[in-house]
Amino acid sequence: MRGIGKTFPGVRALDDVSLDLQAGEVHALVGENGAGKSTLMKILAGALAADTGEIAIDGKTVTIGSPRAAENLGVGMIYQEFNLVPALNAVDNIVLGNEPAKGLLLDERAARERAEAVFAELGITLPLTVDTSSLRVAQQQMIEIAKVLSRSARIIVMDEPTAALTDREITKLFEVIRTLKARGAGIVYISHRLEELPDIADRVTVLRDGRVIETRATKDFPPDDIIRAMVGRQLESHFPDLPTVAPDAPVVLAVRDLTRAPGVNGVSFEVRRGEIVGLAGLVGAGRTEIVRAIAGADIPQQGTIDVQGRAIRIRSPHDGIAAGFAFITEDRKAQGLVLGMSVRENVTLAHLEQFVERDRLIDRRKEQATTQEYIERLDIRTPSTEQLARNLSGGNQQKVVLAKWLLGNAGVFLFDEPTRGIDVGAKAEIYNLMVKLANGGAGIVMVSSELPEVLGMAHRILVIRGGRIVREFARGDATPDAVIAAATGAAA
Amino acid sequence: MKAEARTYWLRAGGAVAFLVVLALVINFASHGTFLQPGNVVRVLRQITYNFIMGVGETFVIITAGIDLSIGSLISLTGVVMALFANATGLHGFALIAATLVVGLAVGGAAGFVNAVPVVKLNLPPFITTLAMMQIALGLSYILSGGQPVPLQSSDFRNTGYGSFLHTIVPIPVIWMIVVLIVSSVLLMRTRFGRYVFAIGGNEEAARLAGISVGRVKTAVYVISGMCAGMVGFLYMSLFSSGSPQTATGNEMLNAIAAVVVGGTSLMGGRGAIVGTFFGALLIGFLDNAMNLLQINSYLQWVVLGGVILLAVVLDELRKRYLKRA
């Protein structure tokens, strides 16, 4: 791949990226969330088209216009979210779209033989005739690998293949990868786990902000250097000043031994009045799961939650709201808003009781007045209170979600990726609002994948990995390198 | 507010204008018989049943659900009420009220049973209400022995059939108006109604906003069952008997048609009781007109089916047009 460039509206996702892969090589691709790894691989797999640049396979320049074309050229993708049909068995999944047939009928024996041949080659056995949904993740992954191999893939891309595996399963996976290498396949290996790279990768390429920072042989590329290359940039200082938190400020939220499998494994922490606690970590580390379990979106299996010093029991989001939580979800379209409802109806949805008169009917005028007030206070750009939420921009939608939760005078705000996908101006407004909430005495938990945001907006930073708090930093002590190191497990 | 109100009245006004023109055309084609007072009253009488069933269905469909059991529930509640009325020693108003309460309770209980697997196990309402459709029909045959149960009391004559103010306003129409007003207020002006829309629009967002999704969903199926019970009461009064064969044809489908023709989205999150009223009115107009014009009854089915299809296609095209504009 040479000189690949790709621009999404408002974002330069890839800028002149070049990457080469040799036969029989495992080439690791690392970078922070949003560095461009997935975009690059989607271009290779034909799922996205590049704006600039070219791709050559075996020295011949090719155009990859569709996933099918990529497959024909010998490119196989194994996404983190598998593409198996859960209700079909291993054999059916492997031949899916490629079924051997006798006339009009499927040739089941040939299909089975084909699958068995691939598994024999990989040196693995697994149940071939049960629904894949009943298999373990590691087994499903092997089916994915068999699937791409059965289509004679010579270039195999694996996106975070070890993210959901146990140590033993990882060992097995690495054996399979070595078998693939020995057969002459080239493998692009995307991973956040820097500690495993020396075991499996021949070379490492670091991407940052859509550019290749460096490519080196793994043995000449110590983890510290990789981290430095991943982080690289200076912290921008567009963050407002945080209020100081007195060390004896009352604890507004105390979480102890919170557990909910999978994703939350015994998490304990406290948030004081006026404090912003940032949860850092990689995608899939369990940060979202932690705040969901606190808010009552998922029900924890173990652990206690104290709010303002009182133990509470949360069995539903309803209980969470009653306890004084405001949970601003990560995905505003799927979880935060009813897109087909107006701004007004969205703003008042969680606290409609404030707008009900003694006759039990909703006072629409009061709703409108209050919504208008928040439109002005948060500078929501909308033609009226009656505009459908669907028609607003991302930043304004996020402000509608915020207005919904500000209505409740919550004591604890749980922000999950509060600024994802919104423009810089709206981001700054949301930061200011968070500071205002902290000044007003709220406790704030903020999950963010943007390192500068966690470093700039939190009094304390808890680094999450494997559903646990692995490291805690005070604001002054946190450096990008140290946070990444803790999040990736590269250093203790 | 202004824009919303304007579109609302534009749509309502458009529907009224369309129905008026349609009525005039039918009237012309039927040589003036369609708009004779006696016939208009007949149409209103006829749509009452379909409309009240449609009201319950509207609540269910706005939550993105469906209730297929309402036709059978009309039969079941009718039979149970007739048996109850014959067995109890009550008279007059007490008898009428007690019988109605029994019908509403039976319908509501069936709705509750519909809702439990939907709420607790997340099963598709299509299946649970399909099962209830069979169960209720079977029960109505078992309880009645397969024969209509004639009412022994004549107290019901005026509750389902009679008229008011010198035969100008038929009793069923009064029921219809009361249901129209009460259900519109419930859907458009209360927290419950708002939650019905929110759940149909985005169930997860509704849950995270603290809404007890399970309770609201249960309530809409109970309401739908109670509406069926109310129609069962009206039919029982009309025929002076409760029969397992009261509603075994297209009643449930017609009710769903009225809801959909009235602009309520099967995808959930959007709809109105007034729309269901217009939908029932349109279907009633066409039904009656085709009878007046002596159109072959098999052809009538084809026409009605075509109208339903046309209505939803036009609605979809309108939405796409608005999105582009």
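**Architecture of chains A and B in the predicted model**

In chain B, 45% of the 325 residues are buried (a residue counts as buried if 20 or more other C-beta atoms, placed from the backbone, lie within 10 Å of its own). The model is predicted: local features need pLDDT of at least 70 and side-chain atom pairs count only at pLDDT 80 or more, whereas totals for chains, interfaces and linings use all residues. Residues are numbered from 1 along each chain as its sequence is written, and chains are lettered from A and ligands numbered from 1 in the order in which they are written.

Chain B contains 13 helices and four strands, where helices (H or I, at least four residues) and strands (E, at least two) are DSSP runs numbered from the N terminus. Chain B has a radius of gyration of 20 Å, close to the 20 Å given by the globule rule for 325 residues, so it is as compact as a globular protein of that length; the radius is taken over C-alpha atoms, and the rule is 2.2 Å times the number of residues to the power 0.38. The C-alpha trace of chain B spans about 65 × 55 × 35 Å along its principal axes. Of the contacts in chain B between residues at least 6 apart in sequence, 77% join residues at least 24 apart; a contact requires C-beta atoms, placed from the backbone, to lie within 7 Å.

The contact between the chains takes 21 residues from chain B and 25 residues from chain A. On the side of chain B that touches chain A, helix 1 (2-29), helix 8 (191-201) and helix 9 (203-208) of chain B each supply at least two residues. By class, this side of chain B has eight nonpolar, six polar and seven charged residues, with Ala, Val, Leu, Ile, Met, Phe, Trp, Tyr, Cys and Pro counted as nonpolar, Asp, Glu, Lys and Arg as charged, and the others, Gly among them, as polar.

Chain A is assigned domain 1 (2-231) and domain 2 (251-488), with bounds from an automatic or database domain assignment.

Strand 6 of chain A runs parallel to strand 9 (residues 155-159) of chain A, joined by four bridges, and Val75(A) has Ile155(A) as its bridge partner.

How values were computed:
A residue is buried if 20 or more other C-beta atoms lie within 10 Å of its own, exposed if 12 or fewer, and partly exposed in between; C-beta atoms are placed from the backbone. Two residues are in contact if their C-beta atoms, placed from the backbone, lie within 7 Å. Two strands pair if DSSP finds at least two bridges between them.
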